[in-house]
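Please open the model in the viewer and keep the selection panel at hand.

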Amino acid sequence: MLAYQLAVFGNPIEHSLSPEIHTKFAEQFNLQIVYEKILVIENDLPKAVNEFQQRGGNGANITVPFKEDALNLSSELSERAQKAKAVNTLIMFNQNQWLGDNTDGIGLVNDMLSQHIVLENKKILIIGAGGASRGVIFPLLLENPSSITVTNRTANKAESLAKEFGVDFITFDEVHNKSYDIIINATSSSLKKETLAIDSRVFNSCQFVYDMMYGKEETPFLTWAKNNGVAKISNGLGMLVYQAAESFFQWTQLKPDVKLVIQHLR
Ligand code: ATR
């Protein structure tokens, strides 16, 4: 039997880069792994994970739209999964139980740190109040920024998310009246090639902008930021690879060279 029989569960799943990323990590250690993509329909996550486990599966990633469902599959949860109220990594313990973890936020933090972005004492704005935003607030807080402010098109969602994490809240209409060192786009707007109804003055004192989305082309959000004088921009490809590296570490206790794999994907 292989030591690591892994899979990512989601819908859609066809375009997931996770098998390629984890195979590259494993190659760095001459480790033999199997990493599958498993398409899950509607409410079938428990069934799909159970079948996988029955045939030897012992580690998994969970992606959209099942990260909340995966909470219920977990016998135990890491602190960061509890805070995120979402699980993207299942780690086997006691032979047949799952520890649910969430590596998305640490993936974002580690990608920024690797790009020499200082988070300590910085004013951070997070745009969006969905799952992507929820997953990163706690790991960002651990880096001791001077403030985190959450804004969202639907204001009351940002307000309740901010309250939950004890961070600041501001509306789209008001957001440009404060200054930020770092702005993170955690909305799905770039995916849909939409722009945000925010005043461009939001970028006035901003040195670094991060879009959690990625693609072959620059996202509309990053282009907009650049056109408004932001010196340094990044898409979310690094976050994807760093979150994978943290999952890989949780399964294997091995720390892969992430930069090599980011270069490979680029
Ligand atoms: P995810 O789990 O990926 O965060 P989600 O829960 O559907 O996905 O949330 C998507 C986020 O993108 C929301 O914050 C959404 O704003 P609303 O709550 O107002 O819907 C935001 N979003 C998507 N398209 C947007 C757009 N064109 N302009 C502003 N915000 C947008």
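Begin by colouring domain 1 (4-102) and domain 2 (105-238) separately; these bounds come from an automatic or database domain assignment. The model is predicted: local features need pLDDT of at least 70, side-chain atom pairs count only at pLDDT 80 or more, and totals for chains, interfaces and linings use all residues. Residues are numbered from 1 along each chain as its sequence is written, and side-chain values use heavy atoms, with hydrogens and water left out.

Next, display both domains together. Their C-alpha centres are 27 Å apart, and 7 residues of domain 1 are in contact (heavy atoms within 4.5 Å) with 9 residues of domain 2. The two domains bury about 680 Å² between them, 62% of it on carbon and sulfur atoms; buried area is the accessible area (1.4 Å probe) that two parts lose on being put together, summed over both. Now select Arg80, Lys83 and Ala84, which supply 54% of the area that domain 1 buries against domain 2.

Then select lysine 85 and glutamate 164. They form a salt bridge with the closest N and O atoms 3.2 Å apart; the term requires a side-chain nitrogen of Lys or Arg within 4 Å of a carboxyl oxygen of Asp or Glu. The count between the domains is 1 salt bridge.

Finally, select asparagine 58, in the loop between helix H2 (45-54) and strand S3 (59-62); helices (H or I, at least four residues) and strands (E, at least two) are DSSP runs, numbered from the N terminus. Among the residues that asparagine 58 touches are Phe52, Met92 and Trp98.

Note on methods
Lists of a residue's contacts leave out its neighbours within four places in sequence.
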